Amino acid sequence: MRRMLCLAFIALAACAGPEAPGPDSGSVLALPPMQEFPPTPATPPRRSNAEMVQDFMDLSFTLETGRSVPVFTRFEGPIRVRMTGEAPPTARRDLGRLIARLRSEAHLPVSAAGAGEPAEITVEFLPRRVMQRLVPRAACFVAPRVSSWEAYRRASRADLDWTTLNLRDQAAIFVPNDTAPQEIRDCLHEEMAQALGPLNDLYRLPDSVFNDDNIHTVLTGFDMLMLRATYAPELHSGMTAGAVAPRLPGVLARLNPRGERGPAPRPDPTPRAYVQAIETALGPGTSAAGRRAAAQDAVQIAESRGWNDARAGFAWLALGRLSLGHDRMTARLAFARAAQIYEGRPELALQSAHADMQLAAFALAAGEADAALALTSRALPLAAEAENAALLASLLMVRAEALDLVGRPSEARAVRLDSLGWARYGFGSDAEVRARLDNIAALSTVNRARPN
């Protein structure tokens, strides 16, 4: 599902028809250097400690499949990280920045392994086609008890079973080296966090990479707090859930005193039917009609349970994305419903930016330039704060076309050039960057009116 929502605007562009791109399209503009985000600490979590206690327990003692984890595990001692395989230059920089953040924000004893030193965590880069021969649905993944791809291939199912661990002493992260820089970075953040800490993903979380919706793609303040709590001295590997639970409120009170705000209601658990509906809707192997039906099922589950949270909004986003190219009215209504759920809720600000990007594309296609400018203006700082270059580039591309519509061509050209630097990080190849800019240009009513 990674990047599915970031790319949804492309399907909308296809609905506009094969009109010629504008004069400043990706086919004409020279691409500027790739832009990258500077190291920035995450904003502290806004939610109460009482709420996050339950999150920690659900993340640490259950796997994504629903299986229980019998005991708490972590690395006990220094954690050295080694890179192997052919790593792209951006991956080395991004891994170095991630390690620095883990040290400064989560206070973990993580460092790069020196030459000849052993490593507790190995990050191996390999071609996607090689990785997906064994794990066809994985964008990237982490495995325990191994330190190489060859060791992973030889390992038994029992060796790779997280529930059989009493202590973490070795793990390997496998990342494709032939995809966009942002996707590689996102893999590093998500899989490193799982190698070090929680093993589960929860759709209810509004502010975390520990959520299969992939809205957040770099470690958040919540994630850093969960990792810091994982390595608190009050806890140790081998503890049962019954032993961890009574200690956790004190741990979070010490680490996050701003979160001491009294009790919190127990969250409504996410039923497997919702998870299965989302996986069917956004995963491979299902017809377009079947995927739309699954997204509708997820919406109905959210509605029937009275949700007004990240899960409900994500179901509507999925329905909107899958309705593009089939029923544009349904798509626009779905994105508007998602935006309504997210509106005015700080913990769902990034989700709101995703919805605003979709609505801005619809506004551009309808010739509603002022609406597109307002939506992109609201979403751009959120995309930048979240370090989501793909979303940022998409918003800038839509904004550039809207500026052209209102007669501000010089500003439009500057914004368009800025979008390309971020697109090179977010989307990868020059050809893909140019194609995406052309697709966005094709949405504009001005460009659609040009003869081929």
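## Helices H3 and H6

Let's start where H3 meets H6: Thr 90, Ala 91, Asp 94, Leu 95, Leu 98, Arg 101 and Leu 102 of H3 are in contact with Pro 181, Ile 184, Arg 185, Leu 188, His 189, Met 192 and Leu 196 of H6. By class, this contact brings together nine nonpolar, two polar and three charged residues. Please keep in mind that the model is predicted.

Helix H3 covers residues 89-104, and its axis comes within 10 Å of that of H6, with a crossing angle of roughly 35°. The crossing of these two helices is right-handed.

## Helices H14 and H15

The axes of H14 (residues 349-365) and H15 (residues 369-385) come within 8 Å and cross at roughly 150°. Because of that angle, H14 is roughly antiparallel to H15. The crossing here is left-handed.

On the H14 side, the contact includes Ala 349, Leu 350, Ala 353 and Asp 356. On the H15 side, Leu 375, Thr 376, Arg 378 and Leu 382 are among the residues taking part. Sorted by class, the H14 and H15 contact holds 13 nonpolar residues, one polar residue and two charged ones.

Key:
Residues are numbered from 1 along each chain as its sequence is written. This is a predicted model: local features need pLDDT of at least 70, side-chain atom pairs count only at pLDDT 80 or more; totals for chains, interfaces and linings use all residues. Side-chain values use heavy atoms; hydrogens and water are left out. Axes are lines fitted to C-alpha atoms, for helices over the stretch in contact, and angles run from 0 to 180 degrees between N-to-C directions. Helices (H or I, at least four residues) and strands (E, at least two) are DSSP runs, numbered from the N terminus. Angles under 35 degrees count as roughly parallel, over 145 as roughly antiparallel, 65 to 115 as roughly perpendicular and the rest as oblique. A crossing is left-handed if the near helix is turned anticlockwise from the far one by less than a right angle, and right-handed if clockwise. Contact means heavy atoms within 4.5 Å. Ala, Val, Leu, Ile, Met, Phe, Trp, Tyr, Cys and Pro count as nonpolar, Asp, Glu, Lys and Arg as charged, and the others, Gly among them, as polar.
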